[in-house]
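My notes follow in the order I made them.

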Amino acid sequence: MPLSLHNKKIVISAGASGIGWATAKVCLAKGAVVYLCDIDIKSLSKIKKNRLYNKRLFAYKCDASEEDEVTDFFNQINKKTKKIDAILNNVGIAGPTGTIEKLTSDDWEQTLKVNVISHFYFTKLAIPMLKKNKGGSIINISSGAGIMGFPLRAPYAASKWAVIGVTKTLAMELGKFKIRVNAICPGTIKGDRMVRVIRDKAKFLKTSRKKIEKEFVSMASMNCWIHEEDIGKICSFLISNEGERISGQTIPVDGNATRLD
Ligand SMILES: NC(=O)c1ccc[n+]([C@@H]2O[C@H](COP(=O)([O-])OP(=O)(O)OC[C@H]3O[C@@H](n4cnc5c(N)ncnc54)[C@H](O)[C@@H]3O)[C@@H](O)[C@H]2O)c1
């Protein structure tokens, strides 16, 4: 029997493209109701043309790193529902590429603000709605850079390790409310973000993009790209009743990445 997310209410940050939108599509196909936000108006207007828009799909403009905007986003959701089943803390920027001596404190602050502190804004407002639901699922998107070192990307690695620390802690705090908290560590995802990451790394190392791309793919034992939908599928499993005893876990979806360099 296919996994059912019938009428499960799911909030997704940065959900108008990439992994967030792929997860929204997987969950919508299984019957969920999705409330997403994004900073990018162009991507949001595409979403608003979806046939499910205003039925089971709702999309709002919100800069996830601005607490007031996240509060407004939740005010909009609260007009439609008082309970939710899940939140996907997906927002995260790549941050700068460079050695520590070349990075600025602004680079650090911006990366930590978007990748860590913004998750706090969403989670804080989601918890009361999950408690009203008498349980649910928080999924935090970390990265391979949250379980391994990642040369030239120190702010990103620091932010993604922080996501794991918050996940483990929240799982312990919220277990008694039947709220499960897990982190997903995506590998190298085929998509726009990796095009930009590969471009920046090739520029920094003065080498070709093809060479960097090959190296990234070879870091997985399975020598493969990961697809955005792969992340959507594990999220939908964790949100579904099939995942009801899984909490506090760090789950890589990366074709067994053994290094990140
Ligand atoms: N793509 C990868 O290879 C990869 C690998 C590991 C982990 N991740 C993580 O997965 C998550 C999603 O990655 P992605 O590749 O889909 O991202 P992406 O760069 O494709 O961006 C996805 C969306 O985030 C939105 N966004 C950016 N800043 C925002 C903000 N401040 N407020 C609201 N929306 C904002 C963008 O407008 C975009 O629609 C991130 O946390 C990322 O670090 C990605």
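I started at the end of H1 (18-29): Gly 31 follows the helix and has a positive phi, near 95°. The model is a predicted one, in which local features need pLDDT of at least 70 and side-chain atom pairs count only at pLDDT 80 or more, while totals for chains, interfaces and linings use all residues. Residues are numbered from 1 along each chain as its sequence is written. Helices here are DSSP runs (H or I, at least four residues), as are strands (E, at least two), numbered from the N terminus.

I checked the length of H1: its 12 residues should span 16 Å at 1.5 Å a residue, and its end C-alpha atoms are 17 Å apart, which agrees. The expected span is 1.5 Å times one less than the number of residues. Then I checked burial, where buried means 20 or more other C-beta atoms within 10 Å of the residue's own, exposed means 12 or fewer, and partly exposed is in between, with C-beta atoms placed from the backbone. H1 is largely enclosed by the rest of the structure, because 9 of its 12 residues are buried. Among them are Ile 19, Trp 21 and Cys 27.

I listed 27 residues around the ligand, and Ala 14, Gly 18, Ala 64, Gly 92 and Ile 189 come nearest. Near means a C-beta atom, placed from the backbone, within 6 Å. H1 and H6 (192-205) each supply at least two shell residues. I sorted the shell into 12 nonpolar, 10 polar and 5 charged residues. Nonpolar covers Ala, Val, Leu, Ile, Met, Phe, Trp, Tyr, Cys and Pro, charged covers Asp, Glu, Lys and Arg, and the others, Gly among them, are polar.

I found Asn 90 in the loop between strand E4 (86-89) and helix H4 (105-132). Asn 90 counts as buried because it has 27 C-beta neighbours inside 10 Å.

The buried residues of H4 include Thr 111, His 119 and Leu 130. Just after H4, Lys 134 takes a positive phi of about 65°.
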